[in-house]
Amino acid sequence: MTISARKVAATAVTAVLGAALAGCGGGAAPDTGREARLGTPAASASGAPTASAPNSAPPGPQAGAPAKAPTLAPGPNGLTPVFERAAQRTDKTVALTFDADMTSDQGPRAADGEHFDNPQLISTLRTLKVPSTIFMTGRWAEEYPDQAKSIGTDPNFEIANHSYSHHAFKSPCYGLPALDAAAARADVDRAFAAFRQAGAVNTVPYFRFPGGCYDDQALRALSTAKVTAVQWDVVSGDAFAKDPDAVAEQVLTGVKPGSVVVMHCTRSAAPVTEEAIRKIVPELRKRGYRFVKVSELIGK
């Protein structure tokens, strides 16, 4: 599909207004030292044991979850490993991921009627039978516990950690307030606790940095959480987009075998995502792609 002016416009809107969405999924991961931080598979999709944090209440999947998700081995010096795209790049698989964003201070806006959820998107993914990974903030799970439980008990989905507060783990990061190392580690635990409180069981030990912003200090701060950091290689441009065709075109242009696509599950900030999905899914299937969760990509 030819890149059109609509795609350029959508990309520009995303760049200009990225701060309003706190930069979530707004760009590529930092390049400095990236290759040195990438880990190797530590557990297979068949259920090989995954390391857990040494705390009494590890932040990983809740007891009773259907299966243990594969993770990557720690990077150099024990740094949290980073996954961006499947190493096996001949198989036409793609993971659609959706960030369910809500910051710790947006409760009043939700009370005033702003929608940080997108139940129609979830319904469409179910109807189209698209396995998906939802990167959820703990604050989102608190605001929408019934939806968090519904998503987190549906085998079509897995819930991954997007922090509790959606504050930055590295500064600067799109104007987000920054957390120090201790607060960052606690923020991850608090999000997993919110998922458990909501009754979600299909949780996985994956983490996405707010804004995609991280450095070695952030990776070191999370090393005891025993999570795999998950970035992406395809930016959908759905943040604040008005044209679903432009979003669909940007995804269809960028997807390659093993890709991880970042999108959003937030009506107020990404209003055309559901409509774009109805264009993306049949076209990628027509091209021979199979949709998988991030856990399947990591387990390859």
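Helix α10, residues 273–286, has 14 residues and reaches 20 Å from its first C-alpha to its last, close to the 20 Å expected at 1.5 Å a residue, where the expected span is 1.5 Å times one less than the number of residues. Helices (H or I, at least four residues) and strands (E, at least two) are DSSP runs numbered from the N terminus. The model is predicted, with local features needing pLDDT of at least 70 and side-chain atom pairs counting only at pLDDT 80 or more, while totals for chains, interfaces and linings use all residues. Residues are numbered from 1 along each chain as its sequence is written, and side-chain values use heavy atoms, leaving out hydrogens and water.

Buried (under 20% relative accessible area, 1.4 Å probe, protein chains only) describes T273, E274, A276, I277, I280, V281 and L284 in α10. They cover an arc of only 135 degrees around the axis, which puts them on the same side of α10; the arc is that of the directions from the helix axis to the C-beta atoms. These buried residues pack against β2, α4 (119–127), α9 (244–254), β8 and β9, contact being heavy atoms within 4.5 Å. Just after α10, G288 takes a positive phi of about 95 degrees.

Strand β2 (residues 93–100) is largely enclosed by the rest of the structure, because 8 of its 8 residues are buried. One side carries T93, A95, T97 and D99 and the other V94, L96, F98 and A100, so that both faces are covered.

| Partner of β2 | Sense | Bridges |
|---|---|---|
| β9 (residues 290–291) | parallel | 2 bridges |
| β8 (residues 259–264) | parallel | 6 bridges |
| β3 (residues 132–136) | parallel | 4 bridges |

T93 has R290 of β9 as its bridge partner, A95 has V260 of β8, and F98 stands opposite I134 in β3.

How values were computed. Buried < 20%, exposed > 50% of the residue type's maximum accessible area, 1.4 Å probe, protein only. Pairing = 2+ DSSP bridges.
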